[in-house]
Amino acid sequence: MKRFLPLLVLGATSAWSAELFDETKVTTLFAFDKVSIPHTQNLKLEMRQPVRFEGNPVVRRGEAGSVDAHGVQFYGSIIHEAGKYRMWYVAFDDQVEHAVKSERWRAAYAESVDGVTWVKPELGLVDFRGSKKNNLVDVGGAWGFVNLKVIKDDADPDASRRYKMVTHVYFRHQTRLGTLLPFVSADGLTWHPVKEVNPVKGELPKQDLLVPGFHLEPACGLYQWDGQYFLTAQNAMPHTHHYQGRVVRLHRSADFVNWSSTSTLAFVRDVQHEYLGAGKSREGEQNHEGIAVWNRGNVLLGVYGRWHGAAEWKDVSVDLGFVTSNDGHTFREPKHEWTLLERGKDGEWDQGGVIQGQGFENIGEKTFLYYGAWDPRPTGGPEVVRGGVGIASWPRDRMGVLVFDASGEGPGDYQMPKVTAELVTAAVSRPNTGFYVNVDGLSKEAVLRVEVLDALERPLEAFSGQNAALVTKSGFQMPVVFASKEALPEKARLRMVFEGAKRSEIRLSAIYAR
């Protein structure tokens, strides 16, 4: 086994953190979600960038001659189950002389007990250079992958299909074009294509295509929504829609086998509406490799590549941006053209470009974002080593905050009445165990007053006015406690008011209906 030890631990975790509930299993109303919190007055949104882990990369390239000696490409996924974090990524070997280029890109596996220290186990499944002592997963043949995403589907009655993976493979049509090939597995280690297909030099025969035969770079993200499976993809079709370069498209499936021949235009950056013309597909501001998705049940959080194009590869770079979706089909930016994570500086492991894997985890008091690296600038020249997996993190679920906006009180000597700083949420279903808030900056002089309204925003007497709940202590999951024992209605809204002489110190990140 090969072990990768970090240089330091990602922040101490207090004893009570182990008792935090899993926010992915509740309804979450994030501060940056204008559908879940549509109504505000004298509050403003501040987005927060994550902080890089000093021990990055936590998964590094292997030694010479290994399956990932040339690249660890985190166009992959991480799943937490049974007390272990499981990672699937794309391994790129150093056999430069290899006659079958597509076969050099393989699906590999790593695991961790804490999300920081990762192990590449010897799975013994796939022969590589005469040995099975490697961490390659078995995909039923010599398939070549550029991108892959994995989910665990516990609702599938067929145990042999519990793990599902979409991949970006190639097919031949005058030149190499990207396309989709899904796989299923009972354990996440031994996989089978959803249809009887066999690779030809690592690629999918054209007659076996599952989606229309144009260039598509799928497997950027994979999620379930309203009973269907969705994948996000990168696609550029200027003859159909004159957007500049790469945009995000969705394909969908009811059974994970048969995929839609139509697609959804899911996200286009505003700057892409200025089409620069044919032959300039690399230039301009674009999306890069679709959207990696964190499914939070009632809302999708997504990370996309912010491609900064140029006429020559040496001038191209990639950062990461942030989007959300409440309908599973269309995505939007909470903050216009905002950079979530910037590429590393020259000389750093993630220089030139950062890439999005589907790796999001709440661990203790931190929210981890796992990401990869690809420097696009050497493209077209001799092969260079690439990649690794890094961590950037926020305090738990605090990617954005609502804060008091004092501008409504008027400038200078112009006297205006003291303004109210408040919000009203969308209607949510009655929680089983109550409401909680993720909030910081509270004190006796900075109080969050919480009232319950009916679906038409009429105050409920038992939970409003003098019967409102007051939250005075900060925390990631602070309960909202009402004195009344009356039952809440099936659908209700919350009204929250920032109060006190120090209300400008309040930082509200999320509301949970548990």
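## Overall fold

Among contacts (heavy atoms within 4.5 Å) in the protein between residues at least 6 apart in sequence, 66% join residues at least 24 apart. This is a predicted model, in which local features need pLDDT of at least 70 and side-chain atom pairs count only at pLDDT 80 or more, while totals for chains, interfaces and linings use all residues. Residues are numbered from 1 along each chain as its sequence is written, and side-chain values use heavy atoms, with hydrogens and water left out.

The secondary structure comes to 0 helices and 34 strands; helices (H or I, at least four residues) and strands (E, at least two) are DSSP runs, numbered from the N terminus. The radius of gyration is 24 Å, close to the 24 Å that the globule rule gives for 514 residues, so the protein is as compact as a globular protein of that length. That radius is taken over C-alpha atoms, and the globule rule is 2.2 Å times the number of residues to the power 0.38. Along the principal axes, the C-alpha atoms fill a box of roughly 75 × 50 × 45 Å.

## Surface, burial and charge

Of the 514 residues, 56% count as buried. Buried means under 20% relative accessible area, exposed means over 50%, and partly exposed lies in between (1.4 Å probe, protein chains only). The protein exposes about 21,800 Å², of which carbon and sulfur atoms supply 49%. Accessible areas come from the Shrake-Rupley method with a 1.4 Å probe, and for residues only the protein chains shown count as cover.

The protein has 60 positive and 63 negative charges, and their mean positions are 1 Å apart. Lys and Arg count as positive and Asp and Glu as negative; His and the chain ends are not counted. Each charge is placed at NZ of Lys, CZ of Arg, CG of Asp or CD of Glu.

Asn438 is found in strand S29 (residues 435-440). With a relative accessibility of 0%, Asn438 counts as buried. The Asn438 side chain reaches the backbone oxygen of Arg396 at 2.9 Å and makes a polar contact with the side chain of Tyr512 (3.3 Å). A polar contact is a pair of N or O atoms within 3.5 Å; within protein, one must be able to donate a hydrogen and the other to accept it, and residues adjacent in sequence count only if both atoms are side-chain atoms. Leaving aside neighbours within four places in sequence, Asn438 is in contact with residues including Arg396, Asp397, Arg398, Gly475, Phe476 and Tyr512.

Asn42 lies in the loop between strand S3 (39-41) and strand S4 (43-47). Asn42 also counts as buried, at 16% relative accessibility. A polar atom of the Asn42 side chain lies 2.9 Å from the backbone oxygen of Thr420. Beyond neighbours within four places in sequence, Asn42 is in contact with Val403, Phe404, Asp405, Gly408, Val419, Thr420 and Ala421.

## Contacts across the sequence

Thr27 is found in strand S2 (residues 27-30) and is partly exposed, with a relative accessible area of 30%. The C-alpha atoms of Thr27 and Phe435 are 9.7 Å apart, although these residues are 408 positions apart along the chain. Leaving aside neighbours within four places in sequence, Thr27 is in contact with Asn298, Val428, Ile511, Tyr512 and Ala513.

Asp138 is found in the loop between strand S9 (118-120) and strand S10 (147-152). Asp138 is partly exposed, with a relative accessible area of 25%. A separation of 5.9 Å lies between the C-alpha atoms of Asp138 and Trp191, which are 53 residues apart along the chain. With neighbours within four places in sequence left aside, the contacts of Asp138 are Leu125, Val126, Leu189, Thr190 and Trp191.

## Backbone features in loops

Arg129 is found in the loop between S9 and S10, where Asp138 also lies. Arg129 has a positive phi of about 55° although it is not a glycine, and at 44% relative accessibility it counts as partly exposed. Asp226, in the loop between strand S14 (217-225) and strand S15 (228-235), has phi near 50°, a positive value in a residue other than glycine. Asp226 is exposed, with a relative accessible area of 71%.

The peptide bond from Asn56 to Pro57 is cis, with omega near -10°. Pro57 is placed in the loop between strand S5 (51-52) and strand S6 (71-81).
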